[in-house]
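Hi,

Here is the structure I promised to pass on. Have a look at it first, and then read on for my notes.

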Amino acid sequence: MSDPNQSGSPDKEPASEAQAAQTALGNTEKAEPTTGPGRSAPESKPTLGRLFLDNLWAANTFTVTLLSLVLAIVVGAILMIISDPEVLSTYSYITSRPSDALNSSWTLVSEAYANLFKGSIFDPEAFSGWLNGDNGWQAVLAPISETLTYTAPLVFTGLSVALAFRGGLFNIGAQGQATIGVIFAALAGFLLPLPPGLHLLVAVLAGALGGAVWGFIPGILKARTGAHEVINTIMLNYIATYFLTWLIVQNGVQDPTRTDAISRAVDNSAQLPRLLGDNLRVHAGILLAVLATWAVAWLLNRSTLGFELRAVGANPDAARTAGISVTRTYVLIMVFAGVLAGLGGSNMVLGSTASALTPLVVAQIGFDGILVALLGRVKPWGVLLAALLFGALQAGGNRMQSYSGISLELVTVLQALIVIFIAAPALVKAIFQLRAARAARLQTSLAKGW
Amino acid sequence: MSTMAVPDVAVAPVDEGFWTRGRKVGLTLLALGLLAAVLFGALATDQQARFTLSDDAAGAALEINGTIGAILFGIITIAAGAALLAGVPKRWFLPVLGVGLVGFVLSFLCWQVSAAPTGQNFMPLVNIIRGTFILALPLIFGALAGVLCERSGVVNVAIEGQLLMGAFSGALFGSISGSVWVGLVAAAIGGAFISLLLAIFAIRYLVDQVVIGIVLNLLAVGVTGFLYERLMQTNIERYNSAPRFGNWNIPLLEDIPVLGPALFRGNIFLYLGLLLVLVIHIALFRTRWGLRTRSVGEHPTAADTLGVKVLRVRYRNVLLAGVVAGIGGASYTLALYSFTKNMIGGKGFIALAALIFGRWNPTGALLAALFFGFADQLATYLGAINSVIPSQFLAMLPYLATILAVAGLVGRVRAPAADGKPYIKG
């Protein structure tokens, strides 16, 4: 009864740790997976170098994050190999000619991951093509543009989950909140005849309002009756999805020229402007995402509400004793989480991903948001970087699917694996025999039950 | 459920003057009854609403005039509501509530059946009952998996993943070996594999159990989807054409009217599911294993003091849960359909809802699963008769019901006290 949260908040690290987590994630973005950490450490001053290496090999956030990434990539490679009959057949005579098996495996895996990289960050061929005048500069930026397009909604849903986490609530309902958000945003987008500019603003805010409504329900239920938000948000996810599928085919919503389940398209005046011309998909949503990250960081660390929120998350009983209204905070947390997820929903229909409602318009952003929040260690800027990584995986996954024939599901596997390893630092530590330094800080959330 | 209750807003006290929970429920029921009698009665037509005792329109049937039926059953609900409002002894509460709800559903059906297009004013009961059980089957297995897990104190949100992995490995190994039994065993192992991950991360590495459950679901979706594209899609013959269990008719029982053809001409999974409910119920409340499981789920420290190996019990139960859920997944691929990507499609979460709605009790979970299955089947039926009720709203019903249950409007539900809390010896 009394214990839900002392150990429940996933985040009890000192503030300085935030910095470490960010650097960690920032570096993993650029780091090539094959280079182990610390290999290039300076050796000129043995004592200092030794120290540096030791620290690097200790189980800190940075190392664990990086190694989790490596582990996930290795498991992904194994999956690719065992699911390829041709490559697998070379393993039947591995004792007589091991080079066959190794070469074919290497070709398969390295091509797939190279495509993942080219699709998400940088494609050397496009670059040389640009230098030679074969293609325009857009082709060079296309991977980045794709990555940012996928990143934007994930930032919002990731922030939504992270904010709730900080207040001691587990918002599994980002998916549902984003769904209602997408509905509100789209309805405002094609039903309201408003001038450009204002129309966009109204549509984006409508999405936020939709999310807020859907976040308010589990919040108020939690505060009034103690009903667990995990259960209620799961249930509301499905209710939202069914509502969406029902709504799409109603008169006035469904595209009159179509018989399948698709709504009318959002007016041009309500669409987020593209940042790099019409050929590249990146849109203003990513700017809003950065803004939202800053706002959430400010809210958490600088505002009274943020303080109350963290206090409630750390220990509701103590917070109540200190005169903080826990019920009010719970409701506010869920409303804010809903607003953020709803904004993520707006991004899906007002940006370049889609311009009309379909049953799958929200994709998986809500569930991915949970992973993003965990990977970002429930810190706003960490969430932003984690979303970047996930966006890159999505964008690269598309290219991997079309060029290497590796289905997009591998990306889901990679994402899930990364988070599993992140969530269990003790496992990563055991696999790599890391020193136990500061490991206590890495302890992920102890469970808090229903 | 109330482990996270916020004490500073009083959870509506059980006896608060005149408006006890019974009276509130009674008032709600009264309103529902009025709605049924007036609205459904007005909308129903004079057609006979026929509830046939067979698969189709033919044969014997229970008949009632649509309008009369809708009003009559509405009045029954009103009466039940009024009885609760007047105050009945506590042990009568559930039966009276049940009568009221059944009256409401029947009133609704009278309206719908009588208002169906001419020639379709019948509801084939055998069909409905059989469909209810088929649709409830994965929920029953899933909810039982939840019971096994959560009664020992490990939250199981990974039911979806366990079902999916079971369905996948059942289809894969069933196809490769060409034997349903190999498929069944493989399905059980597949489900247990996800369970093993859940157990290791939740028990050994103390990861938040809800978090790891959600992530494992995604992992299962990813791995099965990936292998489906890479293996099954490229060679359907070899990897995705599992043999299927046929229907087994049970002598004597299959001759019972209505129930016989609906229930006793099913496949192995139907019998296995019902049997498991019985076995787990008895085992949980009547055996030493059950007592230990429950004690570990309620108060692991006390259990440990008495010499129960808390972690071992938890590992064993979580693995068992995976086996049960894996078999539940096979009830798709080894009996009904071939494997497709993400084919469980949220049934694992409805199973979770059934578990909670059934108050962490095997029999309760069965009833909840049947209720959800009925809602599902009803949606199909209403779609077939062009009902004005959108099927999506009926599909929402299980989720809405669960929210109401959890919020304490239909009676408090309480999880095992140590559910979700890792046990650290010391």
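Predicted model: local features only at pLDDT ≥ 70, side-chain atom pairs only at ≥ 80, totals over all residues.

Let's begin with chain A. It has 19 helices and zero strands. Of its 450 residues, 57% count as buried. I also looked at contacts in chain A between residues at least 6 apart in sequence, and 73% of these join residues at least 24 apart.

Now for the interface. On the chain B side, 61 residues are in contact with 65 residues of chain A. For chain B and chain A, the buried area comes to about 5700 Å², and 74% of it is on carbon and sulfur atoms. What about charges? Two salt bridges turn up across this interface. A salt bridge also joins the side chains of A:D84 and B:R230, at 3.5 Å from N to O. Aromatic residues of both chains come together too: A:Y238, A:Y242, B:F349 and B:Y399 make up one aromatic cluster.

On to the rings in general. Over all chains there are 21 aromatic pairs. One of them is A:F243 with A:W246, a tilted pair with 5.8 Å between centres and 35 degrees between the planes. These two are about one helical turn from each other because they sit three residues apart in helix α10 (residues 229–248) of chain A. A:F243 is partly exposed, at a relative accessible area of 27%.

Another tilted pair is B:F357 with B:F372, at 5.7 Å centre to centre and 35 degrees between the planes. B:F357 belongs to helix α14 (residues 347–357) of chain B and B:F372 to helix α15 (residues 362–384), so this pair ties together parts that are 15 residues apart in sequence. Is each ring buried or partly exposed? B:F357 is partly exposed, with a relative accessible area of 25%, whereas B:F372 is buried, at 2%.

Lastly, two arginines to click on. A:R399 lies over the face of A:Y403, 4.1 Å from the ring centre. In chain B, the charged end of B:R204 sits over the ring of B:Y205, at 4.6 Å from its centre.

Cheers

Technical notes
Residues numbered from 1 in each chain as written. Chains lettered and ligands numbered in written order. Heavy atoms only, no water. Phe/Tyr/Trp six-rings, centres within 6.5 Å; stacked < 30°, edge-to-face > 60°. Helix = DSSP H or I, 4+ residues; strand = E, 2+ residues; numbered from the N terminus. Buried < 20%, exposed > 50% of the residue type's maximum accessible area, 1.4 Å probe, protein only. Lys NZ or Arg CZ within 6 Å of the ring centre and 35° of its normal. Contact = heavy atoms within 4.5 Å. Buried area = accessible area lost by both parts, 1.4 Å probe. Salt bridge = Lys/Arg side-chain N within 4 Å of Asp/Glu carboxyl O.
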